[in-house]
Amino acid sequence: MQGLVVTFFIFSFASFCSCNRLLEDYPMTTIFSVMDYGAVGDGVTDDSEAFGKAWGDACEKSDSIGTIEVPQGKTFMLKPLKFTGPCKSSSINFKVEGNIVAPSSTDAWTNDDDKSKWLEFVSIYGLIFNGGGQINGHGSVWWESCHALSFNKCNNLQLSDTQHVDSPKGHISITASNNVKISNLIITAPEDSKNTDGIDISSSTYVMIDHCSIATGDDCIALGSGASNINITNIACGPGHGIRYIQNTLSLVRFHKIHEIIHRKNIYHFLSLFCCDHVFSIGSLGRDGDYATVENVYVSDCNITGATNGVRIKTWQGGSGYVRNVNFQRITISNTKNPIIINQDYNDIIMNEFKKGAPKEKGSGLEINGVIYEDVKGTSASEVAINLDCNSSQGCHGITMHDINLTSESSSSQVTASCINANGESISVSPEVSCLANKTPTPY
């Protein structure tokens with residue numbers, strides 16, 4: 001009996017020690033409610049100072065994870081704010097359960113403020129931004145002004161479970177950040193809003209985006225130069241311009257794009273994964289002779305309806321760099337003007353009107369290599385369903401088309417393919433692409 005008691009004591013002591021070690025492995029959480037720092041939350045009072053103080057204390061907390069608490073049922077008006085690190089904690093949770101709104105006038109931006117950003121997070125490792133609340137940019141007053149939410153040099157970032165409404169420009173910007181997971185976001189802006197991209201990503205690698213619903217007047221997801229190892233799945237996209245690549249972050253600020261606005265009904269719905277003007281467009285890249293790169297991008301399970309362009313690659317004349325290893329899989333297209341299109345020598349006629357008399361840009365163009373289109377099916381609204389328009393100096397190499405079946409939206413018409421300076425192979429492709437080697441399918 002005594003032996004049993006000793007054994008029980010030893011087991012209990014060991015269990016107690018094990019529990020203590022487990023507790024030590026998981027640091028405690030300290031709550032920093034913005035209300036404790038003087039925030040009002042009436043949607044009118046400027047609560048910027050309270051948010052700044054709460055962030056400062058949370059960032060300095062070294063013995064626990066700091067949680068910035070933005071309580072439910074309150075609306076906080078914030079002027080331009082910059083949350084900076086590095087922080088002493090291994091992680092900070094910015095938990096938005098209530099609403100955050102931008103000022104209703106650009107007067108809130110002083111001469112010292114960066115006009116391209118509203119809420120900016122810089123050099124923060126392990127930032128978690130979630131909570132189920134809403135970020136409202138009041139963008140209708142001043143579209144094209146700035147990104148609503150910007151993350152710069154934020155490695156191991158997790159962004160999830162928040163709503164983003166009416167950004168004055170792009171809703172979310174990710175730059176120079178690695179190992180990023182974005183999920184379960186709802187991003188909305190009117191269809192006729194300008195430059196209100198859903199998510200812009202540049203100079204970042206290992207980014208996963210999934211289970212987001214994005215309906216804006218512009219691109220759902222835009223990947224700029226330096227974006228690599230990007231995985232995009234299960235996105236409800238539209239109306240808008242879809243998923244595409246932009247030249248770089250600076251071009252968003254300095255260049256006002258001119259968009260075609262296609263008015264449609266009953267296009268945005270949660271059952272389709274993508275619906276938009278440009279569902280997936282790589283470009284534009286290399287504008288003004290810039291060097292730009294995009295590689296290792298995987299996009300799957302897309303549904304495109306009534307769009308201008310389906311899957312598109314667009315690079316400017318005179319640029320340099322490359323687009324490599326891009327995979328489009330399981331894409332269904334309906335009534336889309338350009339289901340599959342590559343513009344390797346893009347030249348903006350409208351912008352050239354502003355450049356009359358300026359010397360023409362010279363350069364070999366961007367390399368396009370290793371693009372796979374697999375299981376792409378549906379209908380084209382124009383005669384040319386596949387258009388591979390590549391330049392004579394670089395050309396498009398390693399183009400693979402497998403199991404492509406595009407027909408005309410009109411039952412009385414036939415579709416064709418146009419192909420210039422491209423090479424690769426095709427297997428079971430209709431319409432036939434003349435410059436790709438036609439391979440016989442391997443029997444199972």
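## Basis of the model

Residues are numbered from 1 along each chain as its sequence is written, and side-chain values use heavy atoms, with hydrogens and water left out. Because the model is predicted, local features need pLDDT of at least 70 and side-chain atom pairs count only at pLDDT 80 or more, while totals for chains, interfaces and linings use all residues.

## The chain as a whole

The protein chain holds 4 helices and 32 strands. Helices (H or I, at least four residues) and strands (E, at least two) are DSSP runs, numbered from the N terminus. Of its 444 residues, 51% count as buried. Buried means under 20% relative accessible area, exposed means over 50%, and partly exposed lies in between (1.4 Å probe, protein chains only).

The accessible surface of the protein chain is about 19,800 Å², and carbon and sulfur atoms account for 51% of that. These areas come from the Shrake-Rupley method with a 1.4 Å probe; for residues, only the protein chains shown count as cover. A contact means heavy atoms within 4.5 Å. Among contacts between residues at least 6 apart in sequence, 77% join residues at least 24 apart.

## The nonpolar core

In soluble globular proteins, nonpolar side chains tend to be buried together. A nonpolar core is here a set of buried Ala, Val, Leu, Ile, Met, Phe, Trp, Tyr and Cys residues joined through side-chain atoms within 4.5 Å. The largest such core has 90 residues, of which Trp-55, Phe-94, Phe-121, Phe-151 and Tyr-373 touch the most other members.

## Aromatic rings

Rings of Phe, Tyr and Trp (its six-membered ring) pair if their centres lie within 6.5 Å; planes under 30 degrees apart count as stacked, over 60 as edge-to-face and the rest as tilted. The whole structure has 14 aromatic pairs. One of them is the tilted pair of Phe-51 and Phe-94, with 6.5 Å centre to centre and 35° between the planes. This pair links distant parts of the chain, since Phe-51 is in helix H2 and Phe-94 in strand E6, 43 residues apart. Phe-51 and Phe-94 are both buried.

Phe-129 and Phe-151 form an edge-to-face pair, 6.0 Å centre to centre and with 80° between the planes. Here too the pair links distant parts of the chain: Phe-129 is in strand E9 (residues 127-130) and Phe-151 in strand E11 (residues 147-152), 22 residues apart. Phe-129 counts as buried at 1% relative accessibility, and Phe-151 at 0%. Ring pairs link Phe-51, Trp-55, Phe-76, Phe-83, Phe-94, Phe-121, Phe-129 and Phe-151 into a cluster.

## Charges over rings

A charge sits over a ring if NZ of Lys or CZ of Arg is within 6 Å of the ring centre and within 35 degrees of the ring normal. The charged end of Lys-314 sits over the ring of Tyr-346, 4.3 Å from its centre. The charged end of Arg-324 sits over the ring of Tyr-322, 3.6 Å from its centre.

## Disulfides and other cysteines

A disulfide is a pair of cysteine sulfur atoms within 2.5 Å, and by this rule there are 3 disulfides. One joins Cys-59 to Cys-87, with S to S 2.0 Å. The torsion about this S-S bond is about -100°, so the disulfide is left-handed. Cys-59 lies in helix H2 (residues 48-60) and Cys-87 in the loop between strand E5 (81-84) and strand E6 (92-96), so the pair ties together parts that are 28 residues apart in sequence. Both Cys-59 and Cys-87 are buried. Another disulfide joins Cys-390 to Cys-396, also listed at S to S 2.0 Å, and is left-handed with -105° about the S-S bond.

Cys-419 and Cys-435 form a disulfide with their sulfur atoms 1.5 Å apart. Cys-419 lies in strand E30 (residues 416-420) and Cys-435 in the loop between strand E31 (422-430) and strand E32 (437-439), so the pair ties together parts that are 16 residues apart in sequence. Cys-419 counts as buried at 17% relative accessibility, whereas Cys-435 is partly exposed at 24%. Cys-154 is in no disulfide; the nearest cysteine sulfur, that of Cys-87, is 9.4 Å away. Cys-154 counts as buried at 0% relative accessibility.
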